[in-house]
Amino acid sequence: MFHISFIIIFTVVFSTSIASQALAEQVSVQKALENVKEKVDDLVAAKDENTNNDLNLRIEAFKKVVDFSITEAKDLKLKLLSYDQLEDELATWKQAMTDNLNVALKYYESQKQNLNENEVTINTDEIKNLGQQFKTWRDENYLTVSNQINDFLLIQQEKQAVQIAKKRLIKISGDINKIQKAKIRGANDLLKLLNQADRLIKDGNQINQNAENSFDQLYLMPFRQTDQTDTTSSLESVTESSSTEKNLIIVNTISTATSSDTAMPAAENSIPSIKDSIKESLAKIKGAYQIFIEMSNLVRKLLK
């Protein structure tokens, strides 16, 4: 009996530990983006005190914003590149997003270099304008890309959390079978709890699959619909532009394809966002682990 108790308690504790780590990674994905966005907004909205100290503070704030933005873009790029088994439209999307992140990094680096070269002569109005231009560029170009990547990462990480939960459910199910065979009183109560956890995991999985379908419709359809001839012509015309113009065209092309061509009809605006769907799926998986803990406590009582 002690052996059975140890198995189910160990399984629940071990499962919860792994799941918590996976779920914590999901939360960090959004926090990084929100942190940088807040710093950009603060820079633009800061009140003008008309002092030299205010100018210095603005310059230092802008430097930090650019550095944060570079770190954020590099982090997103590393996370995206870690998914190296993608195929078809998703592989094409990944390459496009990687190219766009490279464009953003070049822009950020150019802003950093420009600020370093002109720091001595720059005035308050100029730094305010630079901050506003930076925010505008970021809102119109970078956020479209980062939002897509973050949605992708959330879906993939939640998928991993669901798979971990499924494996642990199977393991715990085997432990309960052993308890039933041992004819331990209260085994049926454990089975009811197991079925509740199973339902929650299935619901969480379905919600995540729905989010993945939404991702496909919102972000992958443009790549599926792109005509090869049009793409070739577009790239040829872009080649004739300067390096900077070419970079901006790449970003703007992706932004347009994902924001206007795939816009949802007004009647469908009530559909949950991918982020909200992942939160809902996450809540289901957390609920399943809470039941696992409840089962562990019940086993302790049954085997006293």
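User: Which residues does Asp 151 touch, not counting residues up to four places away in sequence?

Analyst: In this predicted model, Asp 151 touches Phe 215, Tyr 219, Ile 274 and Lys 275, once residues up to four places away in sequence are set aside. Asp 151 itself sits in helix H4, which covers residues 124-181.

User: And what about the nearest side chain of opposite charge to Asp 151, how far away is that?

Analyst: That side chain belongs to Lys 275, and it is 8.1 Å away. Asp 151 is buried yet has no salt bridge; a salt bridge here needs a side-chain nitrogen of Lys or Arg within 4 Å of a carboxyl oxygen of Asp or Glu.

User: OK, stepping back, what does the secondary structure come to?

Analyst: The protein has 8 helices and 0 strands, so that, read along the sequence, its pattern is α-α-α-α-α-α-α-α. Of its 304 residues, 39% are buried, and the accessible surface comes to about 16,900 Å², with 51% of that belonging to carbon and sulfur atoms.

User: How much of the contact pattern joins residues at least 24 apart?

Analyst: If you take the contacts between residues at least 6 apart in sequence, 88% of them join residues at least 24 apart.

User: Back to charges. How many salt bridges does a search of the whole structure find?

Analyst: The search finds 9 salt bridges. One of them pairs Glu 72 with Arg 138, where the closest N and O atoms are 3.1 Å apart.

User: Are Glu 72 and Arg 138 buried or exposed?

Analyst: Glu 72 is buried, and Arg 138 is buried as well.

User: Which salt bridge do Asp 198 and Lys 202 make, and where do they lie?

Analyst: Their side chains meet in a salt bridge at 3.3 Å, N to O, and both residues lie in helix H5 (residues 187-225), 4 residues apart, which is about one turn of the helix. Asp 198 is partly exposed at a relative accessible area of 22%, and Lys 202 is also partly exposed, at 43%.

User: What about Arg 199 and Asp 203?

Analyst: The side chains of Arg 199 and Asp 203 meet in a salt bridge of 3.2 Å, N to O, and these residues are separated by about one helical turn because they are 4 residues apart in helix H5. Arg 199 has a relative accessible area of 46% and is partly exposed, while Asp 203 counts as partly exposed at 24%. Elsewhere, salt bridges that share partners join Glu 60, Lys 63 and Glu 119 into one network.

User: Changing topic, which residues touch the most other members in the largest nonpolar core?

Analyst: That core has 39 residues, and those touching the most other members are Trp 93, Tyr 108, Ile 127, Tyr 142, Ile 149 and Phe 215. The elements giving two or more residues to this core are H2, helix H3 (88-118), H4, H5 and helix H8 (274-302), and H4 gives the most, with 12 residues.

User: What is Tyr 108 in contact with?

Analyst: Apart from neighbours within four places in sequence, Tyr 108 has contacts that include Val 66, Phe 134, Trp 137, Arg 138 and Tyr 142. There is also a second, separate core of 21 residues, among them Leu 169, Ile 179, Ala 187 and Ile 291.

Note on methods. Residues are numbered from 1 along each chain as its sequence is written. This is a predicted model: local features need pLDDT of at least 70, side-chain atom pairs count only at pLDDT 80 or more; totals for chains, interfaces and linings use all residues. Side-chain values use heavy atoms; hydrogens and water are left out. Buried means under 20% relative accessible area, exposed over 50%, partly exposed in between (1.4 Å probe, protein chains only). Lys and Arg count as positive and Asp and Glu as negative; His and the chain ends are not counted. Contact means heavy atoms within 4.5 Å. Accessible areas come from the Shrake-Rupley method with a 1.4 Å probe; for residues, only the protein chains shown count as cover. A nonpolar core is a set of buried Ala, Val, Leu, Ile, Met, Phe, Trp, Tyr and Cys residues joined through side-chain atoms within 4.5 Å.
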